[in-house]
Amino acid sequence: MTDYGIAFPGQGAKEDALTGALHAYRTHPLVARLLETFGAVDPYALDLADTAVNQPATFAAGIAAVEAVFGPEARPAVTVGHSLGELAAAACAGFLDRDAGFELALERGALCREQSLRRPGAMVAVIGAEPADAEWLRRQALAERGGILEVAGLNSARQMVLSGDSEAVAHAVALAAEQCLRAELLPIAGGFHSPLMMDAVPRWRERLAAADFRTGFAPIVSAIDARAHSDPDEVRERLAQGLVLPVRWRDAVQAVRGLGVPALVDAGPGDTLLKLGRRDRSMAFVGIEEVAGRLDGGAGAGAEVGAALGAGLEAGT
């Protein structure tokens, strides 16, 4: 058991970052299985704009990176995941094996794609705004256009993600421009973490109920309720609710810190969680590529991981 935690991002990494991670770990069994599943000769042939492909690809890349850097028997002190990343966090903490987790990622991706076609939606990040200003933006958009526009993510003190009907999201973006707020549409086809996903929950519960969950070797902090969980049934329930409820990422990170964990490693793909952590300064974050680079220097794994985490602390997070 080590004293660091591992954090897994959700869908939404830049395609070049995800493709690069899959290429780097292309010999890992999960990545090989991903390519075989979608009939791709290499990661560059995958249609990562398709949610049904992107979600299992993100899962495979994260698990492959952790096992490549820390070994297949990695034992972090805690895991935490953002949206889809909560499934990878559950597998990394031992609540289910990686192959079962990959199967669930395939099924989740397919369910999310089907639901987004049935009830289309979009997502937007409001960046650099005070929570009250972002909430005012949301309520104004609803008052003027109606529809669904929910808080889908509380990523940091000054970043909120909104999700809902495409027209409502588009109007929020227009209002943000008028109010000099920064709003960025996310490269995700669907209104995830909103009521638009509710119809998919029963089928997702069935998939989760059929999977072999067990007690993990480390707790997982859920970003749905910002609490640490060791009960497999509780982990299942948070995963089911995660299709609809918002991601309370900042609260989850603070819950990890409350467990006495000194730092989190962003497993990737990409560096979304690393950047969020260093901007929000809730606790120390380090990227897995930095850890991997130090290990390439030939020193002992324990010393190099500690050095990388120390660098994260020195970065002021």
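1. Six strands make an open, mixed sheet, running β8-β7-β2-β1-β9-β10. Strands here are DSSP E runs of at least two residues, and helices are H or I runs of at least four, numbered from the N terminus; two strands pair if DSSP finds at least two bridges between them. β8 (227-229) and β10 (284-287) sit at the edges with a single partner strand each, so one side of each has no neighbour in the sheet. From one strand to the next, the twist averages 30 degrees.

2. This is a predicted model, where local features need pLDDT of at least 70 and side-chain atom pairs pLDDT 80 or more, while totals for chains, interfaces and linings use all residues. Residues are numbered from 1 along each chain as its sequence is written, and side-chain values use heavy atoms, without hydrogens and water.

3. Now zoom in on β1 (residues 5-8) and β9 (residues 263-266), a parallel pair with 3 bridges. I6 is opposite V265 in β9.

4. What does the lining of the largest pocket have by class? It has 18 nonpolar, 12 polar and 7 charged residues (Ala, Val, Leu, Ile, Met, Phe, Trp, Tyr, Cys and Pro count as nonpolar, Asp, Glu, Lys and Arg as charged, the others, Gly among them, as polar). α11 gives the most to this lining, with 5 residues.

Key: Axes are lines fitted to C-alpha atoms, for helices over the stretch in contact, and angles run from 0 to 180 degrees between N-to-C directions.
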